[in-house]
Amino acid sequence: MKKFAFLIHLRTSYREDFALFSKALRFIPEPLYRLWLRNRPLKPFVWSEMRIRPWATEAEGYIIMVPLLGRQLLEQQRAALPYIEQAVSLAASKGAEIVGLGALTSPITLGGRLLLDNPHATITNGNAYTAVIIHEQIQALLSERAISAPKIAMVGATGSVGTLVNALIAKHLPQAELLLVARQERKLQQLRNALLELHTDVRVGTSTDIGAVRHSDIVVLLTSATDCLLPPQHLKRGAVVIDGTQPRNAQPSLLEMRPDITLIDGGLVSVPSLRFTRSIDLPAGLSFACLAETMLLALAGRSGHFSIGYPTLEHAAYVAALAQRFRHLGFGLAPAHCFGRPLPKRAALADPALCTVPSSL
């Protein structure tokens with residue numbers, strides 16, 4: 001097994017995220033954080049050590065914090081890139097040979113393409129296994145609800161994860177009707193044509209208007225745009241929303257305004273033996289799929305960059321096979337969660353109140 005590292009960043013609040021590092025930091029007001037860190041930016045640092053195997057006696061991986069908010073990464077991409085490069089160098093100094101890109105560190109490096117010249121470590125953006133797990137979540141929902149001809153909307157359809165999820169649906173769920181939602185019409189038509197080349201009988205529509213999802217049984221959120229929040233009035237009664245974004249595009253208020261909706265955290269993997277020395281705000285025994293992809297490649301001792309840019313069906317098949325190979329450690333679809341809380345299978349679909357939103361959110 002090779003050592004690995006995984007890059008994360010702050011989400012929407014210095015105060016809330018640094019409170020995970022130390023509870024005392026919760027008492028510092030958010031404006032003070034913003035003023036202080038604007039003049040004295042932090043360097044990337046080790047947030048947590050990790051162990052995957054229950055018999056491991058030392059750290060097998062590291063969580064590296066890029067201390068920038070999601071909004072900063074998107075709005076100041078050129079200025080943020082050196083921080084990500086520093087984080088990769090820090091990972092290498094800890095012995096990591098494989099580095100995974102978490103949340104927005106992937107899109108702002110073009111899915112890892114801007115990091116390929118680094119001499120320190122091989123890169124994966126984690127998007128292949130993320131797509132596999134979200135596809136498995138969709139399949140589980142369809143089986144649970146016995147929907148034979150589902151309407152599935154993919155918001156952020158032309159992104160790295162969305163493109164592969166759509167390809168998996170076209171290949172394995174030809175009975176589904178797909179709605180591709182993104183901002184650029186040209187990319188939407190290119191993706192639609194590519195899917196029709198894979199399977200000529202698949203039904204694919206496109207829209208640049210998020211309101212078009214109102215007829216969909218399942219809405220999958222995969223956009224990296226922090227301003228693309230899902231309005232409650234755009235959802236079909238009883239729809240299921242799978243939010244695979246970090247920071248989230250579905251807010252807790254969605255459940256308050258639309259109690260008929262089922263909201264599921266997207267891309268979660270069960271790894272019961274996984275241990276962190278410091279929380280990354282995940283329930284015990286769970287991992288983000290992008291992190292799980294990094295761990296799987298490390299366990300397999302794989303050399304060379306893996307999921308860069310837009311992963312393919314071949315990447316999906318490879319990482320799914322690795323998950324099966326290491327099934328004894330977990331690496332399977334996690335039980336459904338809503339804002340980090342377990343969501344009972346059948347009861348949750350009948351009683352949305354069972355998904356209570358944590359007060360910290």
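How many salt bridges does the count come to? In this predicted model, the count comes to 11 salt bridges. One of them pairs Arg 53 with Glu 60, with the closest N and O atoms 2.5 Å apart.

Glu 60 is located in the loop that runs between β2 (45-51) and β3 (61-66). A polar atom of the Glu 60 side chain also lies 2.6 Å from the backbone nitrogen of Ile 52. Beyond its neighbours within four places in sequence, Glu 60 contacts Met 1, Lys 2, Lys 3, Phe 4, Met 50, Arg 51, Ile 52 and Arg 53.

A further salt bridge joins the side chains of Arg 203 and Glu 177, at 3.5 Å from N to O. This pair connects distant parts of the chain, 26 residues apart, with Arg 203 in strand β8 (residues 203-207) and Glu 177 in strand β7 (residues 177-181). Arg 203 is partly exposed at 39% relative accessibility, as is Glu 177 at 30%. Salt bridges with shared partners also unite Arg 11, Asp 17 and Asp 281 in one network.

The largest nonpolar core comprises 97 residues, of which Tyr 129, Ile 138, Met 295 and Phe 331 touch the most other members. With neighbours within four places in sequence set aside, the contacts of Met 295 are Phe 4, Met 50, Ile 52, Val 271, Leu 274, Ser 287 and Phe 331. A second, separate core of 24 residues includes Ala 80, Ala 91, Leu 104 and Ile 108.

Technical notes
Residues are numbered from 1 along each chain as its sequence is written. This is a predicted model: local features need pLDDT of at least 70, side-chain atom pairs count only at pLDDT 80 or more; totals for chains, interfaces and linings use all residues. Side-chain values use heavy atoms; hydrogens and water are left out. A nonpolar core is a set of buried Ala, Val, Leu, Ile, Met, Phe, Trp, Tyr and Cys residues joined through side-chain atoms within 4.5 Å. Buried means under 20% relative accessible area, exposed over 50%, partly exposed in between (1.4 Å probe, protein chains only). Contact means heavy atoms within 4.5 Å. Helices (H or I, at least four residues) and strands (E, at least two) are DSSP runs, numbered from the N terminus. A polar contact is a pair of N or O atoms within 3.5 Å; within protein, one must be able to donate a hydrogen and the other to accept it, and residues adjacent in sequence count only if both atoms are side-chain atoms. A salt bridge is a side-chain nitrogen of Lys or Arg within 4 Å of a carboxyl oxygen of Asp or Glu.
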